[in-house]
Amino acid sequence: MEPSPAPREPAPAASDNQLPGWPGIANDWSSDRDAFKQVPWGKAMMWIFLLSDTFIFTCFLTGYMSVRIAATEPWPNPSEVFALNIAGNDIPLILIAIMTFVLISSSGTMAMAVNFAYRRDRVKSAALMLTTAAFGATFVSMQAFEWSKLIAEGVRPWGNPMGAPQFGATFFMITGFHGLHVSVGVIYLCTVALKVLRGDYERKGNYQIVEIAGLYWHFVDLVWVFIFAFFYLW
């Protein structure tokens, strides 16, 4: 006769704090102090806002690519449309290159502002934030010049004398929405910089607002990289 199998030991009962299966996993994660309880609300809300904004820009760029692929008329050549005549020569994308350089440089000054803020050097932090805001204002000014140039050449949201009429709609929608973000960021940075210089956060002993403002600004810069690649280089 074959020996009978050994009886199985009963599974340990789940404690009040440990639930079985997926509810237990969710309960563990939601009670993780390092992952959730120590994250400031301001930073968490900024990440949620940036995530939702990422979805919006993704929809805009996906719609732009779909419209461009489906266009029946020739799409204007960005190297010709966005060229500037300097000393009698048409230089392609020169203004866009300068705009990109200015905005990317502003990420460096913003990163240094956050660094000096956590060192409690509010003068240098505020100065670098105002420098970042100046870069942003310069970018918006050059974008306004770009818009006025295309409008003078007859480009409209509902039409385009250079080819596919969808060009104007996608251009003004995407670059305008991004320019709005940069403009809001300039106001935001100036406000935070003045409060830093005044010593408001020094008295509280908390400079996280500078880092939160930096998260927003770096996001704006990152979005421009995608706009530059999809709209101006494609």
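Lys 195, Arg 198 and Asp 200 are linked in a network of salt bridges, a salt bridge being a side-chain nitrogen of Lys or Arg within 4 Å of a carboxyl oxygen of Asp or Glu. The structure is a predicted model, in which local features need pLDDT of at least 70 and side-chain atom pairs count only at pLDDT 80 or more, whereas totals for chains, interfaces and linings use all residues. Residues are numbered from 1 along each chain as its sequence is written, and side-chain values use heavy atoms, with hydrogens and water left out.

Accessibility is described here as buried (under 20% relative accessible area), exposed (over 50%) or partly exposed (in between), with a 1.4 Å probe and protein chains only. Asp 200 is buried, with a relative accessible area of 10%, while Lys 195, at 28%, is partly exposed and Arg 198, at 54%, is exposed.

The structure holds 4 salt bridges, and one of them joins the side chains of Glu 211 and Lys 43, at 3.2 Å, N to O. Because Glu 211 lies in helix α9 and Lys 43 in helix α3, this pair ties together parts that are 168 residues apart in sequence; helices (H or I, at least four residues) and strands (E, at least two) are DSSP runs, numbered from the N terminus. Glu 211 counts as partly exposed at 23% relative accessibility, and Lys 43 counts as buried at 18%.

The elements α3 (41–70) and α9 (208–232) also give two or more residues each to the lining of the largest pocket, which has a volume of about 210 Å³. On a 1 Å grid over the protein atoms alone, a pocket is an open set of points where a 1.4 Å probe fits, with protein on both sides within 12 Å along at least five of seven lines, and lining residues have an atom within 4 Å of a point. Grid points are joined across faces, edges and corners, and the volume is the space filled by probe spheres set on the points. The lining consists of Thr 54, Phe 57, Thr 58, Leu 61, Thr 62, Met 65, Phe 219, Leu 222, Val 223, Phe 226 and Phe 230, with the largest share, 6 residues, coming from α3. These lining residues divide into 8 nonpolar, 3 polar and no charged, where Ala, Val, Leu, Ile, Met, Phe, Trp, Tyr, Cys and Pro count as nonpolar, Asp, Glu, Lys and Arg as charged, and the others, Gly among them, as polar.

Helix α6 (residues 122–152) contains Phe 139, which is buried, with a relative accessible area of 0%. Not counting residues up to four places away in sequence, Phe 139 touches Met 99, Val 102, Leu 103, His 178, Val 182 and Trp 224, contact meaning heavy atoms within 4.5 Å. The C-alpha atoms of Phe 139 and Val 182 are separated by 8.2 Å, although the two residues are 43 residues apart along the chain. Other buried residues of α6 include Ser 125, Leu 128, Met 129, Gln 143 and Glu 146, and the buried residues of this helix pack against α4 (78–81), α5 (94–118), α7 (166–198) and α9. The end C-alpha atoms of α6 are 45 Å apart, which agrees with the 45 Å that its 31 residues should span at 1.5 Å a residue, the expected span being 1.5 Å times one less than the number of residues. Helix α6 is followed by Gly 154, whose phi is positive, near 100°.
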